[in-house]
Amino acid sequence: MNADQARASLASTFGIDVAAAVPMVVSVSPDRWQELGRHAKEIVGCRFFNFLTAVDWKEQGLEVVARVDNLEDGVSLMLKTKLGPGVSNCASLTHVYRGANWMERECFDMFGIHFDNHPDLRRILLEDNWEGHPLLKSYAVDTPHPPYR
Amino acid sequence: MTLAALPPWLMAVIASFIVLNVVIGMVTYVTLLERKFAARMQSRIGPYRVGPHGLLQPIADALKLMMKEDVVPTAADRHVYNLAPIVFLIPCMLIFATIPFAPGLGVADVNIGILFFLAVSAMEIVGLFMAGWGSNNKYALLSAMRAVNQIISYDLPFIFSALVPVLLAGSLKMSDIAAVQQGSLLKWFIFYPVIGQLAFIMFIVSTLAAENRVPFDILEAESELVAGFRVEYSGMKFALIQLGEYAHMIGSSFLGALLFLGAWSGPGPEYLGPLWFLLKAMFVFLFVTWIRWSFVRIRVDQILALSWKALLPATLALLIATAVVVVWRTSAGI
Amino acid sequence: MLDVNETTRVEMDWSGPERLQMNMGPQHPSAHGVFRAILGLQGETVVDVDAVIGYLHRCHEKLSETLTYAQYPSIASKTDYVAAMTSEFAYVMAAEEIGKFEVPRRAQYLRVIVAELQRIASHLLWLGTWCMDMGGALGGGATIFLYCIREREDILDLFEALVGARLLYGFFQVGGTRYDIPDGWIEKCRATIDRIDSRVGEYEQMLEDNAFFLARTQGVGVVSRELAQDVGIAGPLLRGSGVNFDLRKNVPYSSYADFEFTVPVETAGDCYARYKVRMVEFREASGIIRQALDKLPSGPISSRPALKSVAQIRIPKGEAYARVEGPRGEVGSYIISDGSAKPYRMKWRGASFSNLSILPHIIPGHKVADVVAIMGSVDPVFGEVDR
């Protein structure tokens, strides 16, 4: 499915108007996040999972961003969902895209976002007894930590 | 000086003493030879600074190993761990007892020389497994398990390919086999039509595998098992294990030179015989080293498949063919 | 999940299957960096893999929020330190995309030349270390390793003449490049890539005529097309599994559309297929460099004035994701800018991070020796994995 068909199908299923750009940015509410992932993979044909990350917008809360590509037709989708202030739960895309496994573990490690139904949610880059989530804006760059043993 | 006046047991002790020292000296300098050879293959120079052209490098290495601290892991099985290098070393040194370096110049040229050699050289597996087990280390254990598999699988083709010259010569005594090949170049068993060449090739392949040389060195695959069964050894014990490995390798080279390349036959007067023997053994050793520095290693299941499915039937068939040819030639009077 | 806190004594359970838990620890000759794989073995077969990473984690993403757009490109090279040029490329391209800065033609050609030289150097290191892993540091692998390092030294000499550094450069800046090529560099470059082309042909022959090499690599570590796209691996791994996707052809950036080159694609998906893809990439990279050197335009090397203060480059509000085809795959940089001199959020899409996440899916079922061969063909660089 090419870019125009993708925009049409997204508009009809989710009721959002997607601007024509490369990549196409699609923003939904958190309860439709997994549905969006499935739609992108099965209907739009974006089978290549590029990355998944999060952004800390301070008072407005966290936002989860994912990018998927359709390599044959050249369609790229940037999927976003704003979790809202104070919320750090999100549905997991691991059952839709297997590559989301490690990416979501990294988001949990760095931002503290808990992904529901993730098969193996534990810290990936930092050690298991680390306190705090570094990439949050509230975590100072020079936060002291105990010496490494 | 009348050597014949000394009691025989004293002569045996002196001869063994001389042979052991010569073997240890040769082992240390063979490591330098291998390093220089490998370096030239890799377009570099090799040891160069210690002594002129690196000639004192083995001495420096030996001194360093002697000065190292002897570390025994706490959880290791002490007695097995400490005994393993010795149990590994003894068969590797014992094989030199039966090799005659010149007609009449050997420690114990027994009637069953070849049989003794092959039987004793297979005993090193005991020391190897003791080292792997006693270290209480999963890498060492894995390596020891692989070692048992591999060496047992390759000892059979080794024995069969070594028995081909025995059939051609008609005797198990090493000096008899060497004596049959004296006289002219074409009498060497490697030049025996078809059978000689095939037997030599199979002998080399089996030697590589029985010695844990690349491409069959999965036991000590540095990139997977990080030195395998000797990972927990340091200092003098490590030196003993290295000594044993290289001594076994040189012993097999001497065996190869004796079985296939005519031992001490060569141009010139008789007293140059041992020199020619040494040169031929070094040729076999360098051939094996050349293979070592050119190939990647293969996986353990592929190694075992090669042995049981290819090499063993081939050597068996070759042995039977040799027997047929020998009987036919004697009966036809050629 | 495996228990990482087992005691030291080996408990062999003779009553059940021979389960052994082995740690291919962070210190290991073939871990390609600091990487810990906890293998669950049944005899010699691996049944379970837990890949533990993070030993090289320096939190580049937090670091970039404290450094300006002028300061960070030199640090960006420390993610994929083996292919430092392509790492910087991604960051700088993302900043230029948000700010809509034009990069002059000469700078674009210089970037292409440097990126392709880096690709050759990185693949040489890959070939050397992979053969060394499979053949042993005291064996045939070391021979090929030393030959490849010898060729790589020539390329590093070229970089030293250009930038002044051998491994980690600060060549890219927002708007163009920082240095111009000195006299005599072009002739030296041509001579170097001619020499490397002929020698790579020799190594190819040495390996492909070798039955042992083929036995170790064919049929090992097969990645299916569907798994490759689902997990998100890129680069030679993706092209080795049959997906014809190369960023330089499909989404051309920085004047790659001016050059003619083919993209190798193999369908087998095993280690041998990935090896073949990378060997063809050697030749294609040399071809691109020759074309770029022939057509190199004259002109300025940067559209921005020379840097006089660290906070000089300001980028308007916006976000962009820029991707380059690094030697290991798609290296990407997702920058969200809030109008100041420092990014608000920067995400590194490391090629090796996605590539490494394929290991738990393909290793179970192989032997211990294959783990090393597969890891080598995946070719991770842990600066990119851990960032």
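Student: Is L63(B) buried, exposed or partly exposed, and what is its relative accessible area?

Tutor: This is a predicted model, in which local features need pLDDT of at least 70 and side-chain atom pairs count only at pLDDT 80 or more, while totals for chains, interfaces and linings use all residues. Residues are numbered from 1 along each chain as its sequence is written, chains are lettered from A and ligands numbered from 1 in the order in which they are written, and side-chain values use heavy atoms, with hydrogens and water left out. Buried means under 20% relative accessible area, exposed means over 50%, and partly exposed lies in between (1.4 Å probe, protein chains only). On that scale L63(B) is partly exposed, with a relative accessible area of 46%.

Student: Which helix of chain B gives the largest share of the nonpolar patch?

Tutor: A patch takes residues with over 30% relative accessible area and no salt bridge, joining like charges within 9 Å and nonpolar side chains (Val, Leu, Ile, Met, Phe, Trp, Tyr) within 5 Å, where a salt bridge is a side-chain nitrogen of Lys or Arg within 4 Å of a carboxyl oxygen of Asp or Glu. Helices (H or I, at least four residues) and strands (E, at least two) are DSSP runs numbered from the N terminus. L63(B) is found in the helix you ask for, and the largest share, four residues, comes from helix α2, residues 57–67.

Student: What is the pattern of helices and strands along chain A?

Tutor: Chain A contains three helices and six strands, and its C-alpha atoms fill a box of roughly 55 × 30 × 25 Å along the principal axes. Of its 149 residues, 54% are buried. Read along the sequence, the pattern is α-β-α-β-β-β-β-α-β.

Student: In strand β1 of chain A, which residues form the uncovered face?

Tutor: Strand β1(A) pairs with strand β4 (residues 75–84) in the parallel sense over five bridges, where pairing requires that DSSP finds at least two bridges between two strands. Within that pairing, S27(A) stands opposite K80(A) in β4(A). Across residues 24–28, M24(A), V26(A) and V28(A) make up the covered face, while the uncovered face is formed by V25(A) and S27(A).

Student: What is the relative accessible area of D69(A), the partner of R323(C) in a salt bridge?

Tutor: The side chains of R323(C) and D69(A) meet in a salt bridge at 3.4 Å, N to O. The pair crosses between chains, from strand β6 (residues 318–326) of chain C to strand β3 (residues 62–70) of chain A. R323(C) is buried at 9%, and D69(A) is likewise buried, with a relative accessible area of 2%.

Student: How far apart are the closest N and O atoms of R122(A) and D50(C)?

Tutor: R122(A) and D50(C) form a salt bridge that crosses between chains, from the segment after β6 (114–116) of chain A to strand β3 (residues 45–52) of chain C. R122(A) is buried at 19% relative accessible area, and D50(C) is buried at 10%. The closest N and O atoms are apart by 2.9 Å.

Student: How many residues apart in sequence are the parts tied together by R283(C) and E204(C)?

Tutor: The side chains of R283(C) and E204(C) meet in a salt bridge at 3.1 Å, N to O. R283(C) lies in helix α11 (residues 271–294) and E204(C) in helix α6 (residues 185–208), both of chain C, so the separation of the parts they tie together is 79 residues.
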